[in-house]
Amino acid sequence: MLGFTAAITTSSSASPNAATAFAATPISRAASAALHIYTRTATFSSSVQQYSTAYPGRLICFPIKAMAETEVLSTPKLDSKVSGRKHALISLSDKSDLAFLGKGLQELGYTIVSTGGTASALESVGVPVTKVEELTCFPEMLDGRVKTLHPNIHGGILARRDQEHHMKALNEHGIGTFDIVVVNLYPFYNKVSSSSGISFEDGIENIDIGGPAMIRAAAKNHKDVLVVVDSGDYPGLLEFLRGKEDDLLFRRKLAWKAFHHVASYDSAVSEWLWKQTAGDKFPPGLTVPLSLKSSLRYGENPHQKAAFYVDKSLAEVNAGGIATSIQHHGKEMSYNNYLDADAAWNCVCEFSKPTCVVVKHTNPCGVASRDDIIEAYRLAVKADPVSAFGGIVAFNVEVDEALAKDIREFRSPTDNETRMFYEIVVAPKYTAKGLEVLRGKSKTLRILEAKKNSKGKLSLRQVGGGWLAQDSDDLVPEDIKFSVVSEKTPQESELSDAQFAWLCVKHVKSNAVVIAKDNCMLGMGSGQPNRLESLRIAMRKAGEEVKGAALASDAFFPFAWNDAVEEACESGISVIAEPGGSIRDGDAIDCCNKYGVSLVFTNVRHFRH
């Protein structure tokens, strides 16, 4: 803040007593208007002499650091008391539809007050403007950091029209009122999330100060001041102004939007600054800005209301995922659709080879990787065709016409007659013909195009009264060591099968067991309270193909003899991959040695709750 010094001046005929008496009186409108308003024409001493001759007995205020320079007196032009006109304050970084707004307000008889670039833009389309400095009687300064931070601006926004002492104070200081404030903020979010990067200094300079201050002031006083932060609200604003009746709910909605706008903006600043300062993924406080993408028909069940929000955190910019997917066709997405599509997409993106994943109730029930993606698709469905029916199909490669035709026409392996039905197909891209063919499969089939999820994201999950935060589980087989602890060393193909099964099992709900061979899931057991039951479900689904296959468990086996490890060995499993870490690891090793089965420890657990 600038400091000011005050001097009581008198003419030769004014008495000292008169000067002393004036010093105790409130500052008049003329004296208030004189604050800051001098042209740099003379030294401080001569300016005082000239001013005191013209205005004897007046209080003079000067910036302490600028006493050597003065300015010619001018008075603010905005005075709603005198003119009877209403006033709108407009200051925009994003000037979308500004001409529409400006002309609309002009037609309604509003006087428009504006800042630099916004004023120029309005004038260029023929809308007359009063510039902010004509009200503040102070030029923009500090490279634009100070424009609107002035009582002549904020007094006119914050004054309550139903409070007599508020209006009296405005009148005493010659301040007019604002009826509308239209402001949006420096593009901080876009600047710091730009792929070209931004320096710390540039980031700081893109933090808006005056804008949030005006928005918050207007939103607080929304009973008297309409605040608009979104160009999409311009038509509604003008329609409201043309109406004859006030609507407090409309004002409150705009005020809510304004506070939310500023809160989201501050959230981005906070997130960015924390990364520049500490780098720790878990700050002492965390704000997640969410933006409504769609209202849903219902939640997990019809009696539950639901909506879908997109995470607008800086960390999610260009980070991929189902939330930012494009829907090309089909019914609107449901709550469960989003959960299942997310599970399928997260799983299929883990694989480097062309892969198909089929998901039902967030669990992958079929996974296959092949150079021929059509073969991979058929094998993924074959793993559990009953579960696959009505499921979600995901691919990590482009869906072309040939693949689309197979998705459309493929019959269930259970009877070779029933055409497979799916809720969703999701892929990174589609050819024009592929999309056309898929659209012909069903009017309701949801076709999603998504980008791969970035690694290193923060994973959030809600519990009653709080949130759990953790690193995402991004590990793949190349990141860990599969340590052989048994007498038998697995062959290269067996180790490859174990790695494939291990990558699948991390996406299955605990307790989880996956059996796989030749880059194809044969069976999986999920969500059972005990690991033995999950094993039995997986073996039952795999059938005779279990012989020579690999088995992966998301956690260690607590028991071996007469339990899961021995049953797996007896079934013909050739290699078992598990984290290890049990006090009975020795039993598991001995059991595998007895049956000639390879056992590898990963030292990585994959619980999924």
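1. The term salt bridge here stands for a side-chain nitrogen of Lys or Arg within 4 Å of a carboxyl oxygen of Asp or Glu. By this rule the count comes to 24 salt bridges.

2. Before going on, a word about the model: it is predicted, so local features need pLDDT of at least 70 and side-chain atom pairs count only at pLDDT 80 or more, while totals for chains, interfaces and linings use all residues. Residues are numbered from 1 along each chain as its sequence is written, and side-chain values use heavy atoms, with hydrogens and water left out.

3. Arg411 forms a salt bridge with Glu409, and their closest N and O atoms are 3.3 Å apart. Arg419 meets Glu409 in a salt bridge too, at 3.1 Å from N to O. Glu409 lies in helix α18 (401–409) and Arg419 in the loop between α18 and β14, so this pair ties together parts that are ten residues apart in sequence. (Helices are DSSP runs of H or I with at least four residues, strands are runs of E with at least two, and both are numbered from the N terminus.)

4. Arg411, at 29%, is partly exposed, and Arg419 counts as partly exposed at 38%.

5. Another salt bridge joins Lys433 and Glu436, with the closest N and O atoms 3.8 Å apart. Both residues lie in helix α19 (residues 432–439), three residues apart, which is about one turn of the helix. Lys433 is partly exposed at 43%, and Glu436 is partly exposed at 48%.

6. Finally, the sheet: six strands form an open sheet in the order β10-β15-β14-β13-β11-β12, with mixed pairing. Two strands pair if DSSP finds at least two bridges between them. At the edges stand β10 (326–329) and β12 (363–369), each with a single partner strand, so one side of each is left without a neighbour in the sheet.

7. Ala394 has Val426 in β14 as its bridge partner.

Conventions
Buried means under 20% relative accessible area, exposed over 50%, partly exposed in between (1.4 Å probe, protein chains only).
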